[in-house]
Amino acid sequence: MYSSTIMIKDIDTAQEFVDKMARFMDTKIILKSGDYSIDGHSIIGIISLDITKPIEVLCENNVTDELIDTLKQYAI
C-alpha cells in the first residue's frame, strides 16, 4: 500500500491527473478528502471533491515506481 498527500489546483490539473492515472488501471487508486472517498480514475469523482484542500491518495495494489513518480508530481 502507498499513501501520499496531493493538491489538484484546478479542473485542468484534475483532467491531467486522470489522464495519467489511466496508465495504471490495474491499480486501485482512492482519493480521500474529508469524509469522501472516490476512484482516482474518475474525473467526475475528482471534480466532486473540494480541490482547494489537500487530498489523500491511497494505492492498494500493483504500486510501481512509475506510479509513485507520477504521484510525486502532485505531492505537497
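Contact is taken to mean heavy atoms within 4.5 Å. The structure is a predicted model, in which local features need pLDDT of at least 70 and side-chain atom pairs count only at pLDDT 80 or more, whereas totals for chains, interfaces and linings use all residues. Residues are numbered from 1 along each chain as its sequence is written, and side-chain values use heavy atoms, with hydrogens and water left out.

The protein chain contains three helices and four strands, where helices (H or I, at least four residues) and strands (E, at least two) are DSSP runs numbered from the N terminus. Read from the N terminus, the order of the elements is β-α-β-β-α-β-α. The C-alpha trace spans about 30 × 25 × 20 Å along its principal axes. The radius of gyration, taken over C-alpha atoms, is compared with a globule rule of 2.2 Å times the number of residues to the power 0.38. For 76 residues a compact globule would have a value near 11 Å, and the 11 Å of the protein chain agrees with this.

Burial is defined by relative accessible area: under 20% is buried, over 50% is exposed, and values in between are partly exposed (1.4 Å probe, protein chains only). By this criterion 41% of the 76 residues count as buried. Accessible areas come from the Shrake-Rupley method with a 1.4 Å probe, and for residues only the protein chains shown count as cover. The protein chain exposes about 4,400 Å², of which carbon and sulfur atoms supply 50%. Among contacts with a separation of 6 or more, 68% are accounted for by residues 24 or more positions apart.

Helix 3 (residues 65–72) has L67, I68, T70 and L71 as buried residues. Viewed down the axis of helix 3, the buried residues fall within an arc of 160°, so they line one face of the helix; the arc is that of the directions from the helix axis to the C-beta atoms. D65 and K72, on the other side of helix 3, are exposed. The cover over the buried residues of helix 3 includes strand 1 (2–6), helix 1, strand 2 and strand 4.

In helix 1, T13 counts as buried at 11% relative accessibility. Apart from its neighbours within four places in sequence, T13 is in contact with I8 and Y74. Y74 also takes part in an aromatic pair with F17. Rings of Phe, Tyr and Trp (its six-membered ring) pair if their centres lie within 6.5 Å, and planes under 30 degrees apart count as stacked, over 60 as edge-to-face and the rest as tilted. The count by this rule is one aromatic pair. The ring centres of F17 and Y74 are 5.2 Å apart and the planes stand at 80°, so the pair is edge-to-face. Distant parts of the chain are linked by this pair, since F17 belongs to helix 1 and Y74 to the segment after helix 3, 57 residues apart. F17 and Y74 are both buried.

Four salt bridges are found in a search of the whole structure, a salt bridge being a side-chain nitrogen of Lys or Arg within 4 Å of a carboxyl oxygen of Asp or Glu. One of them joins the side chains of E16 and K20, at 3.8 Å from N to O. Both residues lie in helix 1 (residues 11–21), four residues apart, about one turn of the helix. E16 is partly exposed at 36% relative accessibility, as is K20 at 22%.

Another salt bridge is formed by the side chains of R23 and E66, at 3.5 Å from N to O. R23 lies in the loop between helix 1 and strand 2 (29–33) and E66 in helix 3, so the pair ties together parts that are 43 residues apart in sequence. R23 is partly exposed, with a relative accessible area of 49%, and E66 is partly exposed at 45%.

The side chains of K28 and E60 also meet in a salt bridge, at 3.8 Å from N to O. K28 is in the loop between helix 1 and strand 2, and E60 is in the loop between strand 4 (55–59) and helix 3, so this pair ties together parts 32 residues apart in sequence. K28 is partly exposed at 44% relative accessibility, and E60 is partly exposed at 39%.

The loop between strand 4 and helix 3 also holds N62. N62 is not a glycine, yet has a positive phi of about 50°. Most residues other than glycine have a negative phi. N62 is partly exposed, with a relative accessible area of 42%.
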